[in-house]
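Good morning, and thank you for joining this group meeting. Please take a moment to look at the sequence and the structure before I describe them.

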Amino acid sequence: AAAFSWEATSFDFGKIVKDVPVMHEFTFTNTGSDALIISSVQASCGCTVTEYTKDPIPAGEKGFVKATYNAAKPGVFSKTVTINANTEDAVVLLTIKGEVVSAEK
């Protein structure tokens, strides 16, 4: 089977500015024996846009899932990105978090 080996499954942006998109790229290696195929990537809200490796990832190769978050309101946030793939654990959750602050005037 295919298997994810993530460098990290959560990322803390710290303080970010409202209405300024921030992006984090989660990287993984396929540590399984079969090609890894991501069937879908879904963000928990419309404020997060995702990109990911669409081609099958051969055993031993790396892939990515990018999450771009655009904060519309100040405050602490924690969002998830759900990944469905042909891995033993069919669903993987990635988390992005941080605190949105108003731009300095």
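I begin with one residue. Leaving aside neighbours within four places in sequence, Pro-74 is in contact with Lys-18, Val-100 and Ser-102, where contact means heavy atoms within 4.5 Å. Pro-74 is found in the loop between β6 and β7. Helices (H or I, at least four residues) and strands (E, at least two) are DSSP runs, numbered from the N terminus. At 47% relative accessibility, Pro-74 counts as partly exposed; buried means under 20% relative accessible area, exposed over 50%, and partly exposed in between, with a 1.4 Å probe and protein chains only. The C-alpha atoms of Pro-74 and Thr-48 are 15 Å apart in space, and these residues are 26 apart in sequence.

A word on the basis of these values. This is a predicted model, in which local features need pLDDT of at least 70 and side-chain atom pairs count only at pLDDT 80 or more, while totals for chains, interfaces and linings use all residues. Residues are numbered from 1 along each chain as its sequence is written, and side-chain values use heavy atoms, with hydrogens and water left out.

I turn to the protein as a whole. Its secondary structure comes to 0 helices and 8 strands, and from the N terminus on the elements run β-β-β-β-β-β-β-β. The C-alpha trace spans about 55 × 20 × 20 Å along its principal axes. Of the 105 residues, 36% are buried. Among contacts between residues at least 6 apart in sequence, 65% join residues at least 24 apart.

Next, the surface. The protein exposes about 5900 Å², and carbon and sulfur atoms supply 51% of this area; accessible areas come from the Shrake-Rupley method with a 1.4 Å probe, and for residues only the protein chains shown count as cover. There are 9 positive and 12 negative side chains, and the centres of the two sets lie 12 Å apart. Lys and Arg count as positive and Asp and Glu as negative, whereas His and the chain ends are not counted. The place of a charge is taken as NZ of Lys, CZ of Arg, CG of Asp or CD of Glu.

Which residues line the largest pocket? They are Cys-47, Tyr-69, Asn-70, Ala-71, Ala-72, Lys-73, Pro-74, Gly-75, Val-76, Phe-77 and Lys-79. Strand β7 (residues 75–85) gives the most to the lining, with 4 residues. The volume of the largest pocket is about 150 Å³. On a 1 Å grid over the protein atoms alone, a pocket is an open set of points where a 1.4 Å probe fits, with protein on both sides within 12 Å along at least five of seven lines, and lining residues have an atom within 4 Å of a point. Grid points are joined across faces, edges and corners, and a volume is the space filled by probe spheres set on the points.

Now to strand β6 (residues 62–69), where Val-65 lies. Is Val-65 buried or exposed? Val-65 is buried, because its relative accessible area is 1%. Beyond its neighbours within four places in sequence, Val-65 is in contact with residues including Trp-6, Phe-26, Phe-28, Ile-38, Val-81 and Leu-94. Val-65 and Thr-27 are 38 residues apart in sequence, yet their C-alpha atoms are 6.5 Å apart in space.

Glu-7 is found in the loop between β1 (4–6) and β2 and counts as exposed, at 61% relative accessibility. With neighbours within four places left aside, its contacts are Thr-27 and Lys-62. From Glu-7 to Phe-28, 21 residues away in sequence, the C-alpha separation is 5.9 Å.

Ser-10 lies in strand β2 (residues 10–17) and is partly exposed, with a relative accessible area of 41%. With the same exclusion, Ser-10 is in contact with Phe-26 and Thr-95.

Asp-19 lies in the loop between β2 and β3 (22–30). Asp-19 has a positive phi of about 65 degrees although it is not a glycine.
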